[in-house]
Amino acid sequence: MTEFDWTQLLDYSLMAMLLAVGIAIVRLRNLFAAVMLMGVYSLISAAWFVSLDAVDVAFTEAAVGAGISTVLMLAAMLLTAREAEPVKAGRHWAALIVVSVTGAALFYAVGDMPIYGDPNSPANAYVGMDYITSTPNEIAVPNVVTAVLASYRGFDTFGETVVIFAAGLGVMLLLGLNPRKKKGEGK
Amino acid sequence: MNPHLVLRVVSKLLIPLIVVFGLYVHFHGDYSPGGGFQAGVIVAAAVILYALIFGVDAAKRAVPTWFVKFLAAFGVLLYGGTGVATLVLGANFLDYDVLHPDLAHHSGQHIGIILVELGVLSTVFSVMMAIFYAFAGRAPDIPEGEW
Amino acid sequence: MIELLAERFNFIIVIILMMTGLYAVVATGNLVKRLVGLSLFQTSVFLLYITMGKVFGGQPPILPESAEGHGETAGYDAAAHAPETALADAGHHVEAAIYSNPLPHVLILTAIVVGVATLAVGLALVVRIRESYGTIEDEAINQADYAVDSAGKNA
């Protein structure tokens with residue numbers, strides 16, 4: 001590259017922040033701090049999504065990951081425990097071996113993956129670009145992501161709505177919407 | 001003076017704006033980033049903000065639990081109902097072109113997309129509210145001093 | 001070799017983030033922290049997909065609003081600051097702008113919302129476990145289960 005691309009600098013700094021926050025989450029024992037850092041991680045991911053031209057995804061990740069998910073985890077943390085027990089050495093080393101083996105296997109596979117940003121990679125060349133060229137003819141909606149989500153792949157979105165409904169049902173069955181106020185009262 | 005006076009006044013100004021913004025995101029999902037999921041979460045965030053400042057009981061009076069339960073099922077029904085409506089009008093399931101006779105500008109697609117995204121908005125909003133009510137309404141087992 | 005890795009550095013970063021989340025899931029005994037690690041893993045996988053869909057020189061996949069363009073070239077030449085594509089042939093359907101691939105965006109949009117729904121169910125289970133067992137460390141829960149089992153066998 002002859003000229004330095006300043007947006008790449010933004011990408012690198014976001015990646016570095018993600019790595020730092022990820023390692024901090026793993027090392028922290030205070031659950032409140034871990035949950036807060038999870039919200040920060042989601043927000044930094046949302047910023048990186050914008051840099052990667054995925055604006056719909058960034059919107060959803062910021063709203064859902066940094067918003068609702070943080071509220072949920074805080075509420076659960078308040079109802080359960082405030083600190084995690086320290087990790088025993090045996091378990092720590094076993095986990096590290098598992099993670100290293102998995103990571104090594106994934107690194108071995110990196111050689112076969114497409115080049116970052118390649119417009120002719122198999123992921124980008126066929127169906128994805130077809131959606132962009134045929135959306136103006138068949139759907140006439142400027143936001144291609146909404147057109148694909150609601151029209152071309154409307155069936156999948158229907159299934160997703162049912163999954164969200166089922167999860168809401170699950171939580172209602174497990175916890176109940178009008179739970180007991182004090183310990184000792186019967187359900 | 002109420003120590004939360006600033007919070008109460010500012011939130012009373014902000015919560016209607018947040019709801020309007022959520023509806024804007026939903027209706028402009030065709031033209032800009034947005035759609036049903038983001039809009040549902042934004043409207044849920046407005047009600048959660050109300051619950052955080054005025055109390056869960058006040059929020060349960062504003063958005064009652066029976067309404068939340070109804071809306072969750074209604075969203076899925078609206079989505080499926082749009083598909084059945086297109087079936088009844090003669091086309092495939094969820095083929096939106098038949099919803100409006102103007103085929104040159106594909107107005108049927110706009111109508112169909114707004115309807116199904118409304119279903120998604122309803123379900124996402126009510127499920128987020130149901131989850132919040134389930135967690136926030138529960139008193140912790142452990143008294144404050146024993147953490 | 002270095003060139004190979006440098007062109008695919010996004011995968012390397014994402015793999016490191018995924019392994020961080022996986023370590024949190026495997027090593028921690030605390031159930032809430034395990035779910036936080038799982039959420040970390042999930043967000044890293046989303047990053048994997050979205051970095052695969054990125055096209056250099058591309059724009060977000062939102063087509064410019066033109067005068068009821070029906071896909072002819074007139075609708076898309078209006079994007080004044082769009083970079084010219086090297087793939088443009090001299091034919092009729094010339095795309096004046098390059099867009100990033102919209103398909104991973106659609107998949108990940110679904111995945112994010114489903115992920116938070118399953119996180120909610122998992123956290124509800126953890127809250128119930130806490131109320132039943134009095135603890136959320138998995139070692140203590142296993143001990144309690146073995147004690148009940150052995151008491152049942154001996155009775």
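Gly65(A) is buried, with 26 other C-beta atoms within 10 Å; a residue counts as buried if 20 or more other C-beta atoms lie within 10 Å of its own, as exposed if 12 or fewer do, and as partly exposed in between, with C-beta atoms placed from the backbone. Gly65(A) sits in helix α3 of chain A, where helices (H or I, at least four residues) and strands (E, at least two) are DSSP runs numbered from the N terminus. Setting aside neighbours within four places in sequence, Gly65(A) is in contact with Ser42(A), Thr43(C) and Ile112(C); two residues are in contact if their C-beta atoms, placed from the backbone, lie within 7 Å. Ile132(A), on the other hand, is 67 residues from Gly65(A) in sequence and 28 Å from it in space, C-alpha to C-alpha.

All of this comes from a predicted model, in which local features need pLDDT of at least 70 and side-chain atom pairs count only at pLDDT 80 or more, while totals for chains, interfaces and linings use all residues. Residues are numbered from 1 along each chain as its sequence is written, and chains are lettered from A and ligands numbered from 1 in the order in which they are written.

Chain A splits into domain 1 (9-85) and domain 2 (140-180), with bounds that come from an automatic or database domain assignment. The C-alpha centres of these two domains of chain A lie 23 Å apart.

Next comes the contact between chains A and B. It takes 44 residues from chain A and 48 residues from chain B. On the chain A side, α3 (55-79), α7 (144-152) and α8 (154-175) each supply at least two residues, and α3(A) gives the most, with 14 residues. By class, that side of chain A has 28 nonpolar, eleven polar and five charged residues. Here Ala, Val, Leu, Ile, Met, Phe, Trp, Tyr, Cys and Pro count as nonpolar, Asp, Glu, Lys and Arg as charged, and the others, Gly among them, as polar.

Chain B has five helices and zero strands. Its radius of gyration is 19 Å, well over the 15 Å that the globule rule gives for 147 residues, so chain B is more spread out than a compact globule; the radius is taken over C-alpha atoms, and the rule is 2.2 Å times the number of residues to the power 0.38. Along its principal axes, the C-alpha trace of chain B spans about 65 × 30 × 25 Å. Buried residues make up 43% of the 147 residues in chain B.
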